[in-house]
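The following paragraphs lead the reader through one protein chain, beginning with the whole and moving to selected details. Please keep the sequence and the model in view while reading.

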Amino acid sequence: MATTAQLFEEPFDADEYIERLAWRTPGGGSKGGAEGFDPKKLLEEFENHIEELKQLDERIQRKVEKLEQQCHREAKEFAHKVQELQRSNQVAFLHFQELDDHISYVATKVCHLGDQLEGVNTPRQRAVEAQRLMTYFNEFLDGELRSDVFNNPDKIKEAADIIQKLHLIAQELPFDRFADVKAKIASKYHDLERQLIQEFTAAQRRGEIGRMREVAAVLLHFKGYAHCIDVYIKQCQEGAYMHNDVFEDTALLCQRVNKQVGEVFSSPEMVMAKLIQNIFENKLQAHVRETLETRPTELEQYLKNLYDLYTRTTALAAKLTEFNLGSDKHTFLSKLIKSIFSTYLDSYIDMEQQYLQTRSASILQRYYDSKNHQKRPLGTGSIQELKERIRQRTNLPLGPSIDTHGETFLSQEVVVNLLQETRHAFQRCHKLSDPADLPKNAYSIFLLLVEHLCVDHIDYALEIGLSAIPSADAKTANLYFLDVVQQANTIFHLFDKQFNDHLMPLISSSPKLTECLQKKKEVIEQMEVKLDTGIDRTLNCMIGQMKHILATEQKKTDFRPEDENNVMIQYTTACSKVCAYVSKQVERVRRSMDGKNVDTVLTELGVRFHRLIHEHLQQFSYNYMGGMLAICDVAEYRRCAKDFRVSLVLQLFDTLHALCNLLVVAPDNLKQVCSGEQLTNLDRILLHAFVQLRADYRSARLGRHFS
């Protein structure tokens, strides 16, 4: 294998190189197997190859030394060239400094010469200009304008420049000696001013922007420049308001005029500001006055119009901020809006309150009229307050109950209408109120909502509902108060949502927030007191109905049947009817309540139901079959109690079921049963009282177990 430097280029693998060398050597590889392997040939090949590698290394080394010598030589030559270039650069830099100094010297001389020439030329130009003006002044003094500049319409620009300067000079002259010439100059001044304005107007109608710019530049030094701007503003509005939408037309007009103003006038921001001010003080103000002061008979339409006009005006102002109107354009536009609406905004909140008061009362009255209901005045004063306190603490029905025929006197439609009117009022209040007055105005609207929704509607319905709850001993009772509770909860959720969504953003950063939250808390507490009172009295009525069923359906012989061997019923009729009634009332409570209130009310009802059954069972005497029937009744009551889904109630009936076992257990096992898991924690007096209900209490001497 020929040995060259290319064989050792990267990547180089020594093991692979040796393997390849051995493979190429006859007898050095594995081609002929173990017999074909000749180590002597392989050794000889390796020695020869090592010699070749040494020779290759010597050649490469000589080449490297030669290249290093060449590199050192070229480095010295390059360093020499760099030194020569540095010396040339220093010489060039010295020449540049000399040239710069010379240029500065010449420039100083030129500036000095220029100052001298200007010092000579300026007085000369002033003298020439003064002489020229004196010539023209003499023409006015003689009364005959002979110069072509005053008689050639094409030279009106030059004439304007001359007459403007003569006008300034004439103002300094004494009136008694030069009254006539001053009058002539003033007349020519006004005549040229009028001609320029006419020329500007004609150019504007022709759409000649260049000519308009020239004339405006000439008029800039005349007193009539402001009049020129007024004429431009008036003329650019001609034909701009052809549609019924003054706000859209204004936006389009300003968009179109903005570019033209920048091309014509030297101070376009002043012209645009004046145009917008003119539009606001004339077109918009007239439109607002026409819409609002021909005031609709209904306050609702007036408030809607005011809100719409103010909203569209502020939206238009926001669009106009895109244009260059000067440094403080936001303040400028705010003042324009205030100048239009200040009169209406000052009286806004009074009208809003008047409208809400009238509208809310109308909505409520229309609802009560549809129900053919004459609204009862709620009692006030110390007597009513005393009755309310007695009723809350004792649940006594003070005064006759009212038959509402199932009517709750609560309407979601009425509530939605009241909340919608209030929501619109909050929106108007947010837009139309001064930021400093916004929390106060929003609070006043909130108070009206509380008055009409919470007091006049919900609270009134609760009062009617409380009055309609029958007494606990009534034989029949239609318990509609739970329907009132259900609707009142739904309505209050809507009220709370509006409070958070629409009122809170308006008052969140003001002291009025505390007042609103306090007022809301008071309203909630007042309603909760009446709801709690009504629910408590309703539960009493339910228990009263159960008591009436038990009193009429349960016979004393039910638990002491004469023929103990012929008892076929699973539970008594009284038990069946009570359970049916309870299941119906439990379902009704679930429909009427939500959240934790369901468990709270059902727990209270379950406890009272258990107490009633417990007391009821203690009114009878039981033989063995009667005791078994009592156990069956309690088992059915316990099954009914499962519908409550309240662990406490189920636990109470489990204990009652265990107590009833004392009515049938064998006398010898009585002591063991009393020590059972469910009865061991009960008072022994209670256990004794149940055992005393057994018919065999005396004959079996059961009292000895409790002595």
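**The chain as a whole**

Of the 707 residues in the chain, 38% are buried, where buried means under 20% relative accessible area, exposed means over 50%, and partly exposed lies in between, with a 1.4 Å probe and protein chains only as cover. The model is predicted: local features need pLDDT of at least 70, side-chain atom pairs count only at pLDDT 80 or more, and totals for chains, interfaces and linings use all residues. Residues are numbered from 1 along each chain as its sequence is written, and side-chain values use heavy atoms, with hydrogens and water left out.

The chain contains 23 helices and zero strands; helices (H or I, at least four residues) and strands (E, at least two) are DSSP runs, numbered from the N terminus. Among contacts with a separation of 6 or more, 75% are between residues 24 or more positions apart, a contact being heavy atoms within 4.5 Å.

Helix α20 covers residues 624-641. Its 18 residues should span 26 Å at 1.5 Å a residue, and the end C-alpha atoms are 25 Å apart, which agrees; the expected span is 1.5 Å times one less than the number of residues. At the start of this helix, a side-chain oxygen of Asn 623 comes to within 3.3 Å of the backbone nitrogen of Met 625. The buried residues of α20 include Gly 626, Leu 629, Asp 633, Tyr 637 and Cys 640. Their cover includes α17 (512-553), α18 (573-592), α19 (596-617) and α21 (647-660).

Gln 498 belongs to helix α16 and counts as buried because its relative accessibility is 7%. A polar atom of its side chain lies 2.8 Å from the backbone oxygen of Leu 419. Leaving aside residues up to four places away in sequence, Gln 498 touches Leu 419, Thr 422, Arg 423, Phe 426, Leu 449 and Leu 503.

An α-helix has 3.6 residues a turn, so residues three or four places apart point the same way. Lys 497 and Asp 501 form a salt bridge, with the closest N and O atoms 2.6 Å apart; the term denotes a side-chain nitrogen of Lys or Arg within 4 Å of a carboxyl oxygen of Asp or Glu. Asp 501 is partly exposed, at 39% relative accessibility.

By this rule there are 19 salt bridges. One of them joins Lys 304 to Glu 300, with the closest N and O atoms 3.3 Å apart. These two residues are four apart in helix α10 (residues 299-320), or about one helical turn. Lys 304 is partly exposed at 39% relative accessibility, and Glu 300 is partly exposed at 22%. Asp 437 pairs with Lys 440 in another salt bridge, with the closest N and O atoms 4.0 Å apart. Asp 459, Glu 463 and Lys 530 are linked in a network of salt bridges.

Note on methods. Polar contact = N/O pair within 3.5 Å; in protein donor to acceptor, adjacent residues only side chain to side chain.
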